[in-house]
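Good morning, and thank you for coming. I shall take one protein today, beginning with a local detail and ending with the overall fold. Please look at the model first.

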Amino acid sequence: NQDRNPRAEQTVCPYCGVGCTIQYAGNGKATGTAGPVNTKGEICPKGGAAYDVVEHEDRLTEPLVRENGRFATAPWETALSRVTDRLTEIIDQHGSDAVEFFASSNCTNEENYVLQKIARMLGTNNVDNCARLCHSSTVAAMSERFGAGAMTNTLDDLAETDCLLVTGANPAEQHPVIFRSYFVPAIRNGATLIHIDQRETDTTNAADIHLDVRPGYDIQLLNSMAKVILDEELVDESFVEERTTGYADLTAHLDDVDIGSGADVAGVDPETVQEAARTYAEADRAAIITGMGMSQHACGTDNVHALLNLALLTGNVGRPGTGVNPLRGQNNVQGAGDIGALPSVLPGYEPVTDPDARQRVADEWGVEPPSEPGLTETTATHQFGDEIKAAVVFGENPAVTEPNATSVGAGFDELDFCVVIDLFETATVDHADVVLPGSSWAEKAGTVTNTDRRVMRMRPNADLPGNARRDLDILTDLGQRLVDQSDAFDYDGPEAVFEELTRVNPLYAGMSYDGIGDSFQRWPFPADADSGTDVLHTETFASGEQTASLAPVSPTPPADAVTGEQLVLTTGRVLQHFNSGALTRRSETLMRMRGEDVLEIHPDDAAARGIEDGDTVVVESERGSVTVSAAVTATIRPGVVFCTFHYLDPLANALTGDALDPVAEIPEYKHSAVEVRTP
Ligand code: SF4
């Protein structure tokens, strides 16, 4: 497409949080390029198909404004005036806290920074991003104990580890370049891999030990592993003495744990639990890699607390090749939190309740952010039409990705006003009043932050289609129209936003846009330092303390209890697709590889219901019902079924429930009670 002026410029893959660098390759395709994370330029099928969405015929190229129930194209001035007028009316009538802002884990630091600045300058902390749905519980537990919620270590040093404890994650499929480029070399060098997951995946195939824990019973498993470590005197006593508190309380708590019955409740073999605990504790350097199998539970924060105990008891924190390392699932989900697109923290994870942090921001903005934490997106969607009257949705698709999605979709229709900025007519666009056509990965500049805290540059590989605009230009335009101090949004491009960001985010203080260049800079990067910090918590924790607490953790049962013949539905992702599927389902290449969803079910559960491989089955929960083809496979634990949330049909989140972790408000995506039957 000559009009789009496609060109090859090193940029970052728009999908998972690995941060592979890609560029336009000609013939409407993207290719991998040697970059900071991936020196060989390897990519996975999603990265290779990334350009498929850029020139897709479904791209929105004109603003849409709903008139008499139907969308009509409109000039930008009309659409932006409608947004400004309606939001201003609603704020005048109901206050700023009547608006919820959905930031995007898939857009740049600069775009998210401007969005949260608009929200806060309007007087609300009601801004959140998709991190709420994936690792908010991990961040809550790690921040409380360590003072920082991100990967403690770097991918490079994990390639040197002696033991990988991978729990609730399937990096061979979800972070394939990390798996190939970092974990496989570690395994070839003799590292053991322990995999905790209900499914046998490609990650399990590379594992030495597999624990197919029952969904929702991780704490029993992790407490049993901690008990083995105590009983067999595998504790790193000098580390516990120097770097932890609460040892006596934890040992007293674990006194009551019986390894046999703990393993029994968790549905695993006690001897395998002992072997896994020994393997982890006896390794010189052992690293925990944690994913959504741990975090997406109503007890997700407690799950991670129990996991952190293992690392602290064995001294596996603060050294290369160790640590606790959440793998991030979107190309800027780490950055969206770093820059403050969360309701309780300002840029740099400084609490909104901290007067000094608010003053630091006020010095830059001329306006002090509000001091009360805002609503998370999972709480806000339950208040649509009540406290929440309007939503600004930037590059997210909550009508598909929120739990109990049918109810959330109905909630959107209770709003007085909804504006969506996106590339396509997503399921959320169906509920919007105004739609603003934004920019894809290939049409934007700025920075994103990958899973191991590397800030990298994105660069345009094509011009915009039709009258679509750059997301940053849309947001700064809205800021100028909505906020009294309109010069607060007078930026000369992403570099100017990044410079401001470095002044208000202490974690990014020493970085510069030019300094990042074709490489990266890693946070924390203090203003007076020459470079960022690779391994966290080496001498002191990020909390500033020399010690972190050990935490007694008691199990709580899953909120959505299974009764009678019900099975446990757990949802997740596959290699070929990404989140709501709004992008990857538009790629012919990826749809040829995996065109439809299936429900994985164990042969025993299938036989008990008269289900054969390929049969259409009905899956039903208290919230809704879907039909899907059955994939009968012994690779899933009996009693558990699995499907993805990438498709509109079946809409997996029509089945998932409203239960939230009480600390992080993350949904219980990994445990829904369902009936499975033939139609
Ligand atoms: Fe993109 Fe992740 Fe695949 Fe790399 S591994 S190409 S970042 S989706």
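By helices (H or I, at least four residues) and strands (E, at least two) I mean DSSP runs, numbered from the N terminus. Two remarks on the source: residues are numbered from 1 along each chain as its sequence is written. The model is predicted, so local features need pLDDT of at least 70 and side-chain atom pairs count only at pLDDT 80 or more, while totals for chains, interfaces and linings use all residues.

Let us stay with helix 18, residues 355-365. A residue is called buried if 20 or more other C-beta atoms lie within 10 Å of its own, exposed if 12 or fewer, and partly exposed in between, with C-beta atoms placed from the backbone. Which residues of helix 18 are buried? They are Ala357, Arg360 and Val361. In general, an α-helix has 3.6 residues a turn, so residues three or four places apart point the same way. On the face turned away from the buried side of helix 18 are the exposed residues Pro355, Asp356, Gln359 and Asp363. The cover over the buried residues includes strand 14 (345-346), strand 15 (350-351) and helix 23 (494-504), where contact means C-beta atoms, placed from the backbone, within 7 Å.

I turn to the core. A nonpolar core is a set of buried Ala, Val, Leu, Ile, Met, Phe, Trp, Tyr and Cys residues joined through C-beta atoms within 7 Å. The largest one has 216 residues, and those touching the most other members are Leu115, Ile118, Leu164, Met225, Val273, Tyr280 and Cys418. Helix 16 (residues 300-313) supplies the largest share of this core, eight residues. Leaving aside residues up to four places away in sequence, cysteine 418 touches Ala390, Ala391, Val393, Phe412, His431, Ala432 and Asp433.

Finally, the whole protein. There are 26 helices and 28 strands, and 60% of the 679 residues count as buried. The C-alpha trace spans about 70 × 65 × 50 Å along its principal axes. Of the contacts with a separation of 6 or more, 74% join residues 24 or more positions apart.

Notes
Two residues are in contact if their C-beta atoms, placed from the backbone, lie within 7 Å.
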